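Please examine the sequence and structure before working through each solution.

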Amino acid sequence: MIVVPLGIASATPTAIRHLPAVALWREGSVFLFDCGENAQMRMLQAGLKRSKIDSIFISHFDVDHYSGLMGLISTLQLQRRDKMLNIVGPKGIKEFVEWNLNFSGVTLSFEVNFVEVEEDIEEQRVLDEDDFYVEARPLKHKRFCLGYRFQEKDKPGKVDADKAASLGITEDDQFKELKAGNDITLEDGTVIESYEIVGHPRPGDSFAYVSDTEYCPNSVKLAMNTNILYHEATFSNQLADKARETGHSTASDAARVATEAQTKLLVLGHFSARYTNLHVLLKEARDGFYPTWLANELRPIFTDPSHERGIVEAKVELKDLTKPDEGNYRGGGGGRGRSHGGRDSRGGGNRNFRSRKPRGRDDRGGGGGGYRSRGGGGVRYDNNRSSGGGGRYDNNRGDRYGGSSDYNRSDRNDDRRYKNDDPDRFKPRYKNDDNKEEMPKRSISPRTSYDDFDRF
Ligand SMILES: [Zn+2]
């Protein structure tokens with residue numbers, strides 16, 4: 001399973017934090033926990049297809065937690081969805097959605113299965129499928145609020161094929177029975193018990209979504225032994241009073257729940273807009289529970305990376321940028337693109353941002369060598385420091401020193417033509433070892449938290 005935080009703000013969004021929503025990806029389906037404004041756009045940016053949404057779980061009716069719901073439903077309608085959609089939430093969610101649809105005169109093309117949770121429950125299994133279930137429990141907030149736990153059911157143990165063969169088990173039906181935990185009787189009357197060839201069942205992954213709440217025992221129950229606990233941490237301990245007053249948790253509260261529940265990983269979210277530096281909260285939580293991360297919008301978190309190998313592939317090759325010669329094009333790349341031995345009077349050329357199209361200047365320069373070739377690390381117009389040779393950019397000097405007299409002019413014309421005509425003109429270029437142009441390998445670090453992953 002992959003957890004993708006889509007919005008990590010609390011009630012007030014900031015320029016970089018969106019209203020609450022967390023997506024859980026599992027075997028091609030998406031489960032959405034809360035649906036703040038912008039959740040559907042953040043899904044797109046995260047590479048999650050909206051058509052893959054299986055269920056939406058709303059925690060409570062504070063507007064920031066469901067303000068994106070109608071917009072998302074409208075998009076699904078426009079996409080001509082025909083698959084059923086589960087919408088789970090406190091009692092009233094059905095009325096809210098139906099009233100809105102009615103108000104706009106929309107008849108949905110797909111069926112919605114509403115699961116409404118009454119206020120007096122202790123616990124309710126809101127979804128129960130063959131291979132997973134979702135459980136809801138009331139939390140402790142200013143209004144009725146639900147926390148959720150998504151639990152994969154145990155997977156059957158691995159079959160020892162060699163042993164099965166040695167015992168004479170060959171039929172698919174026999175394997176099925178054994179995997180289901182039943183004993184079988186072979187033709188000669190031998191009884192084979194399931195445990196003889198089927199290993200221990202493997203526990204399923206789990207994820208708990210706990211937002212908005214003060215510390216309460218139900219949070220711990222929801223989070224018990226989960227792979228990932230997503231817990232709100234609206235305030236730091238300094239504002240513990242405010243947290244109580246508003247029915248929220250501090251980062252220490254989140255750590256306390258994680259410790260008591262023995263979760264494997266605590267992910268903090270739902271941050272108050274007042275925190276520009278979230279590491280205050282991280283540090284506080286880690287004092288109580290070390291395996292804690294800050295939720296980072298659109299940055300996927302894997303319940304078990306080894307399960308999900310191959311689902312997302314890195315689009316860029318990450319390089320160690322601390323090594324000067326690793327070939328990242330900002331660093332000059334050890335002369336990769338520099339051509340023809342132009343002497344660089346300033347040395348290194350590492351200050352150039354990127355290399356330009358190789359131009360083969362040498363045959364114009366009349367003696368060459370006096371200026372930096374443009375094929376390499378960039379253009380220097382102030383070449384006065386290099387002496388001798390021709391090839392001055394300054395036309396007069398070029399004449400005077402016997403260099404190429406029309407250097408300046410032709411160069412500029414060339415340049416203009418190149419800029420206007422070449423569709424690839426903005427792309428950086430390199431020469432490879434055979435002196436042929438090639439696109440650089442994308443050995444850059446990702447610029448946003450989502451451009452290093454393919455869609456999944
Ligand atoms: Zn909230």
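**Exercise 1.** Determine which residues of helix 3 are buried and what they pack against.

Solution. Helix 3 spans residues 69-78, and its buried residues are Leu69, Leu72, Ile73 and Leu76. Viewed down the axis of helix 3, these residues fall within an arc of 100°, so they line one face of the helix. The arc is taken from the directions from the helix axis to the C-beta atoms. A residue counts as buried if 20 or more other C-beta atoms, placed from the backbone, lie within 10 Å of its own. Helices (H or I, at least four residues) and strands (E, at least two) are DSSP runs, numbered from the N terminus. The partners of the buried residues include helix 1 (39-46), strand 5 (85-90) and helix 4 (93-104). After helix 3 comes arginine 80, with a positive phi near 55°.

The model is predicted: local features need pLDDT of at least 70, side-chain atom pairs count only at pLDDT 80 or more, and totals for chains, interfaces and linings use all residues. Residues are numbered from 1 along each chain as its sequence is written.

**Exercise 2.** Explain why helix 10 is described as largely enclosed.

Solution. Of the 11 residues in helix 10 (residues 251-261), eight are buried, so the rest of the structure largely encloses this helix. Among them are Asp253, Val257 and Ala261. Their packing partners include strand 12 (206-210) and helix 11 (279-288).

**Exercise 3.** State the mean pLDDT of the protein.

Solution. The mean pLDDT (the predictor's confidence in each residue, from 0 to 100) is 77.

Key: Buried ≥ 20, exposed ≤ 12 C-beta atoms within 10 Å, placed from the backbone. Contact = placed C-beta atoms within 7 Å.
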